[in-house]
Amino acid sequence: MAAAGAGSPGRLVQYVVVRSDLVHKLSWPLGAVITQACHAATAAIHLHYGDPDTQRYLAELDSMHKVVLGAPDEAALSSLSESLTQAGVSHKLWIEQPENIPTCLALKPYPKETVQPLMRKFKLFK
């Protein structure tokens, strides 16, 4: 199958949602927050490695598409995780150890049009 172009139906995307308060209120170093997003994205790929969309996403290695969004705080991130679970959307909520702090979540790769409506209330991470 040929790689889908930007905006075409079936374009796969992996959404990553990071708590913005980690940087802006709790003063975590930006590198530490980026690391959390990397952990979540890697874990979501690992957990859903056998999924056909994940395999297609990985096969298109040079054209992977990720969208990194910001959640204002832990409550918003946890609420999103619950909503995704109820909607049957596969994801990994990353909980940093040993602190036991939910820091971000990543969805497995999905066709953009499938999950974008669930992510609309979150803005790009800044």
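Start by selecting P98, which lies in the loop between β3 and β4. Strands here are DSSP runs of E with at least two residues, helices are runs of H or I with at least four residues, and both are numbered from the N terminus. This is a predicted model, so local features need pLDDT of at least 70 and side-chain atom pairs count only at pLDDT 80 or more, while totals for chains, interfaces and linings use all residues. Residues are numbered from 1 along each chain as its sequence is written, and side-chain values use heavy atoms, with hydrogens and water left out.

**The β3–β4 loop**

Stay on P98 and show the backbone. A cis peptide bond joins Q97 and P98, with omega about 10 degrees. Now click on N100, which is also in the loop between β3 and β4. Phi of N100 is near 65 degrees, a positive value in a residue other than glycine. For background, most residues other than glycine have a negative phi, and most peptide bonds are trans.

**Over to the α1–α2 loop**

Next, jump to S27, in the loop between α1 and α2. S27 has a positive phi too, near 60 degrees, and is not a glycine. Is S27 buried or exposed? At 57% relative accessibility, S27 counts as exposed; the cut-offs are under 20% relative accessible area for buried, over 50% for exposed and in between for partly exposed, using a 1.4 Å probe and protein chains only. P29 sits in the loop between α1 and α2 as well, and P29 is exposed at 54% relative accessible area.

**Along α2**

Show the side chains of V33, Q36, A37, A40, A41, A43, A44 and I45, which are buried. What do the buried residues of α2 pack against? Their partners are β1, α1 (21-24), α3 (52-59), β2, β3 and β4, where contact means heavy atoms within 4.5 Å.

**A cysteine check**

Pick out C38 and C104. A search of the whole structure finds zero disulfides, a disulfide being a pair of cysteine sulfur atoms within 2.5 Å. C38 is in no disulfide, and the nearest cysteine sulfur, that of C104, is 9.0 Å away. C38 is partly exposed at 43% relative accessibility, whereas C104 is buried at 0%.

**Helix α4**

Now select residues 74-86, helix α4. The 13 residues should span 18 Å at 1.5 Å a residue, and the end C-alpha atoms are 18 Å apart, which agrees. Look down the axis and colour A76, L77, L80, S81 and L84, the buried residues of α4. They lie on the same side of α4 because they cover an arc of only 140 degrees around the axis, the arc being that of the directions from the helix axis to the C-beta atoms. Turn to the other side of α4 and you find A75, E82, T85 and Q86 exposed. What covers the buried residues includes β1 (12-19), β2 (66-71), β3 (91-96), β4 (101-107) and α5 (112-119).

**Last stop: K108 and Y110**

Finish on K108, whose charged end sits over the ring of Y110, 3.9 Å from its centre. The rule asks for NZ of Lys or CZ of Arg within 6 Å of the ring centre and within 35 degrees of the ring normal.

Definitions and conventions. The expected span of a helix is 1.5 Å times one less than its number of residues.
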